[in-house]
Amino acid sequence: MKKFLTSAYVKGSYALYSAKEGFKRFLKEEKGGSEIIAVIILVAIVVILALFFREQLGNLVNSIWGSITGKTEGITAEFGSGEVHG
């Protein structure tokens with residue numbers, strides 16, 4: 001009977017240890033999951049802000065694009081004339 005109780009105690013202790021280690025591993029893995037959720041929330045906030053300020057952002061992008069293309073047109077016109085500026 002003593003041998004049976006010792007065997008049951010060892011098996012129970014091992015099962016408890018395994019459960020505790022499994023729970024620790026589960027919590028450690030869940031930290032990665034919470035980081036993913038945080039990133040999803042941040043992306044959602046950026047999308048909502050972009051939708052809210054859509055017109056202002058469009059005007060800003062158009063303004064920047066216009067200044068870029070205006071500068072490139074001036075550069076290409078200068079080099080396209082064939083004149084060498086020194």
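Phenylalanine 53 lies in the loop between H1 and H2. The model is predicted, so that local features require pLDDT of at least 70 and side-chain atom pairs pLDDT 80 or more, while totals for chains, interfaces and linings use all residues. Residues are numbered from 1 along each chain as its sequence is written, and side-chain values use heavy atoms, without hydrogens and water.

Two helices and zero strands make up the secondary structure of the protein; helices (H or I, at least four residues) and strands (E, at least two) are DSSP runs numbered from the N terminus. The protein exposes about 8100 Å², of which carbon and sulfur atoms supply 70% (Shrake-Rupley method, 1.4 Å probe; for residues, only the protein chains shown count as cover). Of its 86 residues, 0% count as buried (under 20% relative accessible area; exposed is over 50%, partly exposed in between; 1.4 Å probe, protein chains only).

One aromatic pair was counted. Phenylalanine 52 and phenylalanine 53 form this pair, which is edge-to-face, at 4.8 Å centre to centre and 85° between the planes (ring centres of Phe, Tyr and Trp, the last by its six-membered ring, within 6.5 Å; edge-to-face over 60 degrees, stacked under 30, tilted for the rest). Phenylalanine 52 is exposed, at 63% relative accessible area, whereas phenylalanine 53 is partly exposed, at 38%.

Both phenylalanines belong to a nonpolar surface patch with about 1200 Å² of accessible area together, which also includes Ile37, Leu49, Leu57 and Trp65 (residues with over 30% relative accessible area and no salt bridge; nonpolar side chains, Val, Leu, Ile, Met, Phe, Trp or Tyr, joined within 5 Å, and like charges within 9 Å; a salt bridge is a side-chain nitrogen of Lys or Arg within 4 Å of a carboxyl oxygen of Asp or Glu). Helix H1 (2-52) and helix H2 (54-80) each give two or more residues to the patch, and H1 gives the most, with six.
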